Amino acid sequence: MRKYVFSLILIAVSLGISAAVLPYLPDQVAMHWNINGEADQFWNKSYAAFFAPFLMMAMLALFILLPKIDPKKENYKKFSGSYTIVVNLLIVFFFLIHIVTMGYNLGFAIDISLVILIAVGCLFIILGNYLPRIKHNYFMGIRTPGRWRMKKPGEKHIN
């Protein structure tokens, strides 16, 4: 559990921020933006303010549970450092999205499209560095056949 102290702190901070900004949010909070950066979906402020912190809590609980129920649970020991980094990275990503969303709804001039593009780009760059270290398991990583290649015309399938 000590591996996830950083994530727990971020979740607590996001809950605190949600509670602090709730009285200042408009009744309808923008929660989704179209490709042009215009808000196109609005939620009730109480639901919107606490959605991200509860989502982060659920994700962290799931990430803690998955290694315990995975049939290949012994492999998690081989990549526990990378797994912890990926879990914390995803919590940081959703924390950032939460902060930006709350800031936008409080009236700060935030270009949501730019923030999301940069955040997703950074997420993919960092994930791309750590996913190759993930060993075979049932829940995380990229699954491809070990000897995959294109067949030539007329060639039989090779396993």
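**Reading the helix packing**

A: The buried residues of H1 pack against H2 and H3, where buried means under 20% relative accessible area, exposed over 50% and partly exposed in between (1.4 Å probe, protein chains only), and where contact means heavy atoms within 4.5 Å. Helices (H or I, at least four residues) and strands (E, at least two) are DSSP runs, numbered from the N terminus. This is a predicted model, in which local features need pLDDT of at least 70 and side-chain atom pairs count only at pLDDT 80 or more, while totals for chains, interfaces and linings use all residues. Residues are numbered from 1 along each chain as its sequence is written, and side-chain values use heavy atoms, with hydrogens and water left out.

Q: Which residues of H1 are buried, and where do they fall when seen down the axis of H1?

A: An α-helix has 3.6 residues a turn, so residues three or four places apart point the same way. In H1 the buried residues are Ser 7, Leu 10, Ile 11, Ser 14, Ser 18 and Val 21. They fall within an arc of 105 degrees, taken from the directions from the helix axis to the C-beta atoms, and so line one face of the helix.

Q: Is Ser 14 buried or exposed, and what does Ser 14 touch?

A: Ser 14, which is found in helix H1, is buried, with a relative accessible area of 0%. Not counting residues up to four places away in sequence, Ser 14 touches Pro 53, Met 56, Phe 95 and His 98. Ala 19 also lies in helix H1, but is partly exposed, with a relative accessible area of 46%.

Q: Which residues have the most contacts inside the largest nonpolar core?

A: A nonpolar core is a set of buried Ala, Val, Leu, Ile, Met, Phe, Trp, Tyr and Cys residues joined through side-chain atoms within 4.5 Å. Here the largest has 22 residues, and those with the most contacts inside it are Leu 60, Phe 63, Tyr 83, Val 87, Leu 90, Ile 91 and Leu 123. Helices H1 (5-21), H2 (45-69), H3 (80-105) and H4 (112-130) each supply at least two residues of this core, with the largest share, 8 residues, coming from H3.

Q: At what angle do the axes of H3 and H4 cross?

A: Axes are lines fitted to C-alpha atoms, for helices over the stretch in contact, and angles run from 0 to 180 degrees between N-to-C directions. The axes of H3 and H4 come within 10 Å and cross at roughly 180 degrees. The two helices are therefore roughly antiparallel to each other, a term for angles over 145 degrees.

Key: Parallel < 35°, antiparallel > 145°, perpendicular 65-115°, else oblique.
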